[in-house]
Amino acid sequence: MAWLVVAYLGSLAVLLVSAFWTTNSFTGAVVHTVTGDNVVRVVTDEVFRTVTVRTVGVALLVTVLCAVLAVPLGLYMAKIASPRTRLALVVAVTTPLWASYLVKAYAWRVMLSPDGPMSWATGYTPGYGLVATVVTLTYLWLPYMIIPVFAAFERVPNHLVDASSDLGASDLSTLRMVVAPLVFPGIAAGSIFTFSLSLGDYIAVTIVGGKTQMLGNIIYGQLVTANNQPLAAALSIIPLVAVILYLLAMRRTGALENV
Amino acid sequence: MLSGGARAAVRTWTVLVLVFLYAPLLLVVVNAFNASRTFAFPPSGLTLRWWADAWNSDGMWTSLANSVVVGLGATAVALVLGTMIAFAVQRHQFFGRNTISFLVVLPITLPGIVTGIALNATFTSALGVTLGLATVIVGHATFCIVIVFNNTQARLRRLGTDLEDASADLGASSWQTFRFVTFPMMRGALVAGAILAFALSFDEIVVTTFTAGPAVQTLPIWIFGNLFRPNQAPVINVVAAALTVLAVIPVWLAQRFGGDPATTRV
């Protein structure tokens, strides 16, 4: 108990405080004087704003793509497949989660390379860039969306669906008016993972993104290359705030109970 | 539910998503045997040469050993503390209990880079600790605890307290009740949590980057460091293929000991 509070929340507190420190411009050492410069710079700098918009955009796009891919799959697994097929599909969907993150990102690097399988099979490859980043992140986080969506579909009682069609609703109306409201918390729960994991990612971007920069790359650059720990801390407040806002928004949909 | 046409469409979609999920993994395995030095596709021939190269790579073995040590350390810490938190939350009433359900998802939903920088700032600026294997273990433990907590707490909630009450009524001491009643019922959840925690720690790269310091390399750090070096590509391909094939082991273990594979990872 105390461990979690001290190690984790304590660290977050240090992070927030260190955002207000500064570095000695000559030695680069962290100086413990309180200043708002870093935070002001993060909010006003044009580059940081562009990257923030791009990162949040990518995270939202990845979330939407994951949902679009996962919803029909969840429907099939929960309501159409036989129990045996369902079990096989659950295993098939969860197994890639155990494969290494780096290996999966690397697989896409190979897949999209100029003389890789994709250009061999289709004669076209998007190359390394923003498109590759979105595809790779979608691939990486898709199972995190499928599992809660599948669980939500499974919880939809069959008799509700039957009642709806007995009352003369078409398949589409049943899906839209009966099933969709019950499945939405599952999508919301999955989206917490897809959104927050995409938001902070910088490894996959480095591997397949070419010159594309996301927030994570900038934070990493400030900390490691520029050795400006306070500015990195100030920058990392952006994803921190974004995720907390997202969590609070999703809490209203009841998604946290489905995580 | 659903007409024939819609069913067929949904089934086709399912097949396509599965292809999307597995094609890259298959590619990784095939490429480890690709005879071409540039790994052009389709492979010009198949070879086992790269596997011998990988076997003789010192950096790979050193970093693999570090990964195992960190994984075991973080899992051990997480098992003890995660279980304790789960018992505290599930079996006792105290102030702020409900806040914990919100706080506890934070370490797994917050971007790893935030956790990483926060821990880095704490270790270097606030505490003045030298970064090394120990700091990596602490860093990994923060999210491993959450995993163990989730698994244990879900099991405790499902079990209820009836059997423990019965045990106490029949005169067992609280230690006996824990040893002979609670623990056997918890074992599956603990094993599942431990496997998951170890797997996450073994695969972790972001928090590791910020807590390891320059001297220590775990396997993911080593892979990442060699990913962009063309002359290391054969070895990386082999390690990637091996890791992909080995991913079946935790699935099998979780199925066998943990039950309920669908919910274990999330």
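Predicted model: local features only at pLDDT ≥ 70, side-chain atom pairs only at ≥ 80, totals over all residues.
Guide: Residues are numbered from 1 along each chain as its sequence is written, while chains are lettered from A and ligands numbered from 1 in the order in which they are written.

Visitor: How do you know what confidence the predictor has in chain A and in chain B?

Guide: The score to read is pLDDT, the predictor's confidence in each residue, from 0 to 100. Chain A has a mean of 84, with 88% of its residues at 70 or more, and chain B averages 82, with 92% of the residues scoring at least 70. For the model as a whole, ipTM is 0.83 and pTM is 0.84. Over residues 261–266 of chain B, however, pLDDT stays under 50.

Visitor: What makes a stretch of chain B count as a helix, and how many helices are there?

Guide: Helices are DSSP runs of H or I with at least four residues, strands are runs of E with at least two, and both are numbered from the N terminus. Chain B comes to 13 helices and zero strands, whereas chain A has twelve helices and two strands.

Visitor: Why is helix H7 (residues 162–169) of chain B called hardly covered?

Guide: A residue is buried if 20 or more other C-beta atoms lie within 10 Å of its own, exposed if 12 or fewer, and partly exposed in between, with C-beta atoms placed from the backbone. Of the eight residues in H7(B), the count that is buried is zero, so this helix is hardly covered.

Visitor: What makes the crossing of H3(A) and H9(A) right-handed or left-handed?

Guide: A crossing is left-handed if the near helix is turned anticlockwise from the far one by less than a right angle, and right-handed if clockwise. H3(A) passes H9(A) in a right-handed crossing. The axes of helix H3 (residues 46–80) and helix H9 (residues 171–200) of chain A come within 8 Å and cross at roughly 140°, where axes are lines fitted to C-alpha atoms, for helices over the stretch in contact, and angles run from 0 to 180 degrees between N-to-C directions.

Visitor: What makes a group of residues a nonpolar core, and which residues touch the most other members of the largest one?

Guide: Such a core is a set of buried Ala, Val, Leu, Ile, Met, Phe, Trp, Tyr and Cys residues joined through C-beta atoms within 7 Å. The largest has 159 residues, and those touching the most other members include Ala70(A), Trp141(A) and Ile117(B). H7(A) gives the most to this core, with 16 residues. Leaving aside neighbours within four places in sequence, Trp141(A) is in contact with residues including Val62(A), Cys66(A) and Phe193(A).

Definitions and conventions
Contact = placed C-beta atoms within 7 Å.
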